[in-house]
Amino acid sequence: MKRGTIIDQYLITNFEIMNIPNTFELFGTTYNVVFDEHRCNKESAYGICDYEENTIYLTESYNTKVLPVESVENTFWHEVVHLIFKRVGLDDINDEKNVSVAGSALYQIVKTFKY
Ligand SMILES: [Zn+2]
């Protein structure tokens with residue numbers, strides 16, 4: 001996963017161990033994952049799922065504080081669930097709790113994969 005902006009060494013180190021892809025496919029469409037601290041902070045969000053741009057935006061810092069890697073990875077899965085719900089017509093404006101539960105569950109599964 002490539003960051004949009006390199007702020008300092010700590011963030012670079014964080015970035016390198018993050019298990020977040022540059023792109024992924026869902027239902028035959030390719031989605032991008034982009035780090036954009038400015039946009040996320042401007043919209044007061046840890047992550048944004050832009051359905052028109054087929055892009056998930058994430059940030060490694062919020063209000064100038066560096067976020068834990070786990071928080072950023074969890075946000076990625078949260079936004080993926082938003083995307084799944086949207087694409088299958090299950091999206092609901094009051095759905096934040098369900099999205100958070102499903103996103104955290106998916107993240108836990110992926111994080112504990114053993115091969
Ligand atoms: Zn959400």
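The term pLDDT denotes the predictor's confidence in each residue, on a scale from 0 to 100. The structure is a predicted model, in which local features require pLDDT of at least 70 and side-chain atom pairs count only at pLDDT 80 or more, while totals for chains, interfaces and linings use all residues. Residues are numbered from 1 along each chain as its sequence is written. Helices and strands are DSSP runs, numbered from the N terminus; helices are H or I with at least four residues, and strands are E with at least two.

For the protein chain the average pLDDT is 88, and 85% of the residues score at least 70. Confidence is highest in β4, at 98, and lowest in helix α1 (residues 9–17), at a mean of 52. Over residues 1–6 the pLDDT falls below 50; beyond near neighbours in sequence, this stretch has 15 contacts in the model, two residues being in contact if their C-beta atoms, placed from the backbone, lie within 7 Å.

The protein chain contains four helices and six strands, and along the sequence they follow the pattern α-β-β-α-β-β-β-β-α-α. Of the contacts between residues at least 6 apart in sequence, 44% join residues at least 24 apart. Buried residues account for 22% of the 115 residues. A residue is buried if 20 or more other C-beta atoms lie within 10 Å of its own, exposed if 12 or fewer, and partly exposed in between, with C-beta atoms placed from the backbone.

Four strands form an open sheet in the order β1-β2-β4-β3, with mixed pairing; two strands pair if DSSP finds at least two bridges between them. The edge strands, each of which pairs on one side only, are β1 and β3. From one strand to the next the twist averages 20°; axes are lines fitted to C-alpha atoms, for helices over the stretch in contact, and angles run from 0 to 180 degrees between N-to-C directions.

Strands β1 and β2 run antiparallel and are joined by four bridges, and Glu25 stands opposite Thr30 in β2. Two residues lie between the strands in the hairpin of β1 and β2, where Phe27 takes a positive phi near 50°. By contrast, β2 and β4 run parallel, again with four bridges; Asn32 has Thr55 in β4 as its bridge partner.

Helix α3 packs on this sheet, touching β1, β2, β3 and β4, and its direction makes about 25° with that of β3. The 19 residues of α3 (residues 69–87) should span 27 Å at 1.5 Å a residue, and the end C-alpha atoms are 27 Å apart, which agrees; the expected span is 1.5 Å times one less than the number of residues. Among the buried residues of α3 are Val72, Asn74, Thr75, Phe76, Trp77 and His78. The elements that cover the buried residues of α3 include β1 (23–26), β2 (29–35), β3 (47–50), β4 (55–58) and α4 (96–111). Just after the helix, Gly89 adopts a positive phi of about 75°.

The largest nonpolar core comprises 16 residues, and those with the most contacts inside it are Ile56, Tyr57, Leu58, Phe76, Trp77 and Val80. At least two residues of this core come from each of β2, β3, β4, α3 and α4, and the largest share, six residues, is supplied by α3. A nonpolar core is a set of buried Ala, Val, Leu, Ile, Met, Phe, Trp, Tyr and Cys residues joined through C-beta atoms within 7 Å.

Ser44 lies in the loop between α2 (37–42) and β3 and has a positive phi of about 50° although it is not a glycine; Ser44 counts as exposed because it has 8 C-beta neighbours inside 10 Å. Asn54, in the loop between β3 and β4, likewise has a positive phi, near 50°, in a residue other than glycine. With 14 other C-beta atoms within 10 Å, Asn54 is partly exposed. Thr59, in the loop between β4 and β5 (61–62), is buried, since 24 other C-beta atoms lie within 10 Å. Apart from its neighbours within four places in sequence, Thr59 is in contact with Phe35, Asp36, Glu37, Cys40, Asn41 and Tyr46. Thr59 and Ala45 are 14 residues apart in sequence, and their C-alpha atoms are 8.5 Å apart in space.
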